Amino acid sequence: MRVLVTGVTGFVGGHLVPSLLWADHDVSVLVRDREAYDEPEGLSVFEGNLLEPGSFDEALGGAEAAYYLVHSMRAGPDYAERDRRAATNFVAAADDAGVERVLYLGGLGEERDRLSEHLQSRREVEHILADADFALTSLRAAIIVGDGSASFEMVRQLAVRLPVMVTPQWVDTPCQPIAIDDVVTYLVEVLDVPELAGRTVEIGGPAVMSYKEVMARTAEIVTGRRPVIVPVPVLTPKLSAYWVTLVTDVPRSVAHPLILGLKNAVVVQDDSIRQYLPIELTPFETAVRRAVGDGAATPEPKSIAAGER
Ligand SMILES: NC(=O)c1ccc[n+]([C@@H]2O[C@H](COP(=O)([O-])OP(=O)(O)OC[C@H]3O[C@@H](n4cnc5c(N)ncnc54)[C@H](OP(=O)(O)O)[C@@H]3O)[C@@H](O)[C@H]2O)c1
């Protein structure tokens, strides 16, 4: 199939492209700066910017399907407005080009729970993309564990750098981390499931855990010790966002919206995607080991390694 991938210089798009090529799709990518993109062999590269209508029409020409993996948090506080414009421009151009299917990866979380600004903006993009002639499949995920994921990098650096953490109550919020390999598998396979065109699906890893558990287990794998985590009611998410930017090198423009989103439970409520794609999910420990590569301090326990897959 002829597919266009946006956001390929980012975390998810960068991991997706090799798998699409491997699955024998005819892949085109849209980048804002061709010079800065280390392009794999076997694809067509188009330069354009979703905020500039007309600059990316050529990239959509002839595409049967497109992946929308763009967000602009890195560019600073007005990200919601930029993301709204980018999605609106994309819908107009994709409909003009006759694209039949679009796949979008957004965030989990219940709208009735008052989503954070970041999660709300991701949901707004989903609604904009859904209001188009093409059939949208929206996949919603929580924190993705993988090399280059800003949210996982934040967790990893906190867990590794702080043996003792005084944290706000958000550490008890439940989440369902998923390995980047599993996200990529879903994104590739969904293309071959026509029943999922026009639907929203939720994806998650094999275990629901609190952010506290996510940090403790990550620290254990990377450093060999579990940190002491003490939640206190007086530490607001806003204060903790400042504290996170002091401890980690995740840019403030990204860390702040992500931290403010940690108050929202991000757990799969509807796993109907598994009727169509019952893929084998990667255990959290394996996902972390793959993400940190040689950075893992503790060897994988034999009993877990044998039984986990
Ligand atoms: N990472 C996670 O843990 C996670 C979890 C759940 C859902 N998701 C979702 O997955 C999707 C991708 O996230 P990510 O983590 O891969 O993001 P990312 O690493 O920040 O990548 C964002 C991409 O968007 C591109 N972009 C931004 N503005 C653009 C514009 N105006 N025109 C064209 N391209 C533009 C960037 O290109 P430049 O290089 O030119 O800036 C970059 O390639 C998002 O919808 C996100 O909500 C991610």
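**View A. Glu 81 counts as partly exposed, at 35% relative accessibility, and is shown with its salt-bridge partner Arg 85.** "Partly exposed" is the class between buried (under 20% relative accessible area) and exposed (over 50%), computed with a 1.4 Å probe on protein chains only. This and the other views show a predicted model, in which local features need pLDDT of at least 70 and side-chain atom pairs count only at pLDDT 80 or more, whereas totals for chains, interfaces and linings use all residues. Residues are numbered from 1 along each chain as its sequence is written, and side-chain values use heavy atoms, with hydrogens and water left out. Arg 85 is likewise partly exposed, at 37% relative accessibility, and its side chain meets that of Glu 81 at 2.9 Å, N to O. A salt bridge here is a side-chain nitrogen of Lys or Arg within 4 Å of a carboxyl oxygen of Asp or Glu. Because they are four residues apart in helix H3 (residues 79-97), Glu 81 and Arg 85 are separated by about one helical turn. Helices (H or I, at least four residues) and strands (E, at least two) are DSSP runs numbered from the N terminus.

**View B. Further salt bridges include Glu 39 with Arg 34 and Glu 220 with Arg 226.** The rule gives a count of 14 salt bridges. Between Glu 39 and Arg 34 the closest N and O atoms are 3.6 Å apart; Glu 39 is partly exposed at 35% relative accessibility, and Arg 34 is partly exposed with a relative accessible area of 38%. The side chains of Glu 220 and Arg 226 meet at 3.1 Å, N to O, with Glu 220 partly exposed at 32% relative accessibility and Arg 226 partly exposed at 42%. Elsewhere, salt bridges that share partners join Glu 111, Arg 123, Glu 126 and Arg 140 into one network.

**View C. Helix H7 (residues 211-223) crosses helix H11 (residues 284-292) at roughly 55°.** Two packed helices are described by the angle between their axes and the distance between the axes. The axes of H7 and H11 come within 10 Å; these axes are lines fitted to C-alpha atoms, for helices over the stretch in contact, and angles run from 0 to 180 degrees between N-to-C directions. H7 and H11 are therefore oblique to each other, oblique being what remains once angles under 35 degrees are taken as roughly parallel, over 145 as roughly antiparallel and 65 to 115 as roughly perpendicular. The crossing of H7 and H11 is right-handed, that is, the near helix is turned clockwise from the far one by less than a right angle. On the H7 side the contact (heavy atoms within 4.5 Å) is made by Val 214, Arg 217, Thr 218, Ile 221 and Val 222, and on the H11 side by Phe 284, Glu 285, Val 288, Arg 289 and Val 292. By class, this contact has six nonpolar, one polar and three charged residues, where Ala, Val, Leu, Ile, Met, Phe, Trp, Tyr, Cys and Pro count as nonpolar, Asp, Glu, Lys and Arg as charged, and the others, Gly among them, as polar.

**View D. H7 also crosses helix H5 (residues 150-161), at roughly 65°.** The axes of H5 and H7 come within 8 Å, and the two helices are therefore roughly perpendicular to each other, in a right-handed crossing. Phe 152, Val 155, Arg 156, Leu 158, Ala 159 and Val 160 of H5 meet Val 214, Met 215, Thr 218, Ala 219, Val 222 and Thr 223 of H7. The contact of H5 with H7 has nine nonpolar, two polar and one charged residues.

**View E. Helix H6 (residues 180-190) is largely enclosed by the rest of the structure, because eight of its 11 residues are buried.** The buried residues are Ile 180, Asp 182, Val 183, Val 184, Tyr 186, Leu 187, Val 188 and Val 190. The C-alpha atom of Val 184 is separated by 9.8 Å from that of Pro 18, although these residues are 166 residues apart along the chain. Pro 18 lies in helix H1 (residues 11-22) and is partly exposed, with a relative accessible area of 45%.

**View F. Asp 24 and Arg 114 are loop residues with positive phi.** Most residues other than glycine have a negative phi. Phi of Asp 24 is near 75°; Asp 24 is in the loop between H1 and strand S2 (26-31) and is exposed, with a relative accessible area of 68%. Arg 114 has a phi of about 55°, lies in the loop between S5 and H4 and is exposed at 69% relative accessibility. Glu 110, in the loop between strand S5 (101-107) and helix H4 (117-130), is buried at 19% relative accessibility. Not counting residues up to four places away in sequence, Glu 110 touches Leu 115, Glu 202 and Gln 269.
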